[in-house]
Amino acid sequence: MTQNQPLPADGAFKSKDGQATEGKDMGKIDWKTEGRQLIWDYLLLTLGALITAFAFVLFLLPNDIAPGGVTGIATVLSNLTGLNVGLLSFLINLPLFAVGWRRVGWRFAARSFIAMMLLSLFIDGLPMHDLAGDMMLASLFGGVIMGVGLGMVVRSGATTGGTDMAAMIVHEHWNFLTVPMVLFSIDTVVVIVAAMAFGLRAGLFALVSLFTSTKAMDAIIKGFNTAMQFLIISTNQAEIVRRIHDELERGCTRLEATGTYEGRNNGALLCVVSRMEAAKLKKIVSEVDPHAFVTVCDVHEALGEGFTYQHTEK
């Protein structure tokens with residue numbers, strides 16, 4: 001994997017619905033209930049691998065940019081041996097998968113192995129062309145596109161390389177080294193080796209790609225369904241709730257809250273709205289109670305009525 005998504009050290013993973021799955025045996029697949037989701041996951045996995053490969057053949061490889069991970073190692077070795085990057089990436093990943101699959105569970109390992117094979121085939125099969133014509137542009141666009149592709153693979157419940165498994169093996173033997181620490185160390189070593197092989201300039205641009213790919217990957221994994229969460233403490237909650245219901249057609253949750261300074265039990269309102277509605281909610285609160293105490297924070301993803309599905313009248 002070029003940009004790694006840290007894996008839990010206990011071998012347990014969470015699916016997109018937040019349910020934990022055991023790292024060992026997750027049982028047989030129920031095709032009747034899971035078939036549609038499984039098809040979607042593998043389509044997402046394939047598209048993610050293809051997009052990641054485009055980042056390499058159009059931006060990174062033509063400019064000798066090796067932004068960490070197994071594919072970064074393969075990029076350096078390809079320069080030394082003349083072998084294809086995809087083939088080298090596949091050969092490096094094989095022993096890592098062979099040793100580490102038991103620690104992550106067979107379903108996750110199977111999906112990841114398929115993603116790794118597809119990425120290797122796409123990298124070697126697609127024609128290479130320097131689309132950017134400039135190392136800075138190549139590092140920026142290559143990093144973003146790579147992050148988007150890898151994020152899609154992770155959302156499908158897989159990974160594209162064995163460095164995650166290598167990190168778990170290292171953590172298992174030396175538990176003072178956390179999985180993120182090992183992953184960061186691997187990427188750092190790869191970038192240093194790339195700088196030695198391709199020059200300091202290429203190593204610095206590899207860091208740029210590593211940073212941009214991480215940001216893009218996080219955005220894809222967390223989702224673009226951004227919202228804002230309001231915590232409202234007011235003495236006139238009833239009117240605020242009424243206007244939220246009537247004007248925003250949103251619900252809210254009343255929480256028990258007691259002020260520590262005066263000891264008054266005013267309660268608090270918790271309300272999540274879209275960014276487009278945030279200004280309207282601020283206006284409602286300020287008009288109803290100018291002395292209300294309000295905190296606002298970003299929500300990376302909001303699931304449920306009003307966000308991922310609409311309210312239906314009964």
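**Strand pairing, aromatic contacts and a surface patch**

In the predicted model, M228 stands opposite V273 of strand β5. Residues are numbered from 1 along each chain as its sequence is written, side-chain values rest on heavy atoms without hydrogens or water. Because the model is predicted, local features need pLDDT of at least 70 and side-chain atom pairs count only at pLDDT 80 or more, whereas totals for chains, interfaces and linings use all residues.

Strand β3 (residues 227-233) is joined to strand β5 (residues 268-274) by six bridges in the antiparallel sense, where strands (E, at least two residues) and helices (H or I, at least four residues) are DSSP runs numbered from the N terminus, and two strands pair if DSSP finds at least two bridges between them. Strand β3 is also antiparallel to strand β6 (residues 293-299), with seven bridges between them, and within this pairing I232 has V294 of β6 as its bridge partner.

Strand β5 also contains C271, which counts as buried at 1% relative accessibility (buried means under 20% relative accessible area, exposed over 50%, and partly exposed in between, with a 1.4 Å probe and protein chains only). The C-alpha atoms of C271 and M228 are separated by 8.4 Å, although the two residues are 43 residues apart along the chain. When neighbours within four places in sequence are left aside, C271 is in contact (heavy atoms within 4.5 Å) with M228, Q229, F230, I244, G251, C252 and L281.

A search of the whole structure finds three aromatic pairs, a pair being rings of Phe, Tyr or Trp (its six-membered ring) with centres within 6.5 Å, and planes under 30 degrees apart counting as stacked, over 60 as edge-to-face and the rest as tilted. The rings of F97 and F113 have centres 5.7 Å apart and planes at 85 degrees, so this pair is edge-to-face. The pair links distant parts of the chain, with F97 in helix α3 (residues 85-104) and F113 in helix α4 (residues 106-125), 16 residues apart. F97 is buried at 5% relative accessibility, whereas F113, at 26%, is partly exposed. Together with F90, F97 and F113 form one aromatic cluster.

Helix α3 also holds L87, which is partly exposed at 37% relative accessibility. With L83, L91 and L94, L87 forms a nonpolar surface patch with about 300 Å² of accessible area together.

Note on methods. Patch = residues over 30% accessible without salt bridge, like charges linked within 9 Å, V, L, I, M, F, W, Y side chains within 5 Å. Areas by Shrake-Rupley, 256 points an atom, 1.4 Å probe, with all protein chains shown as cover. Salt bridge = Lys/Arg side-chain N within 4 Å of Asp/Glu carboxyl O.
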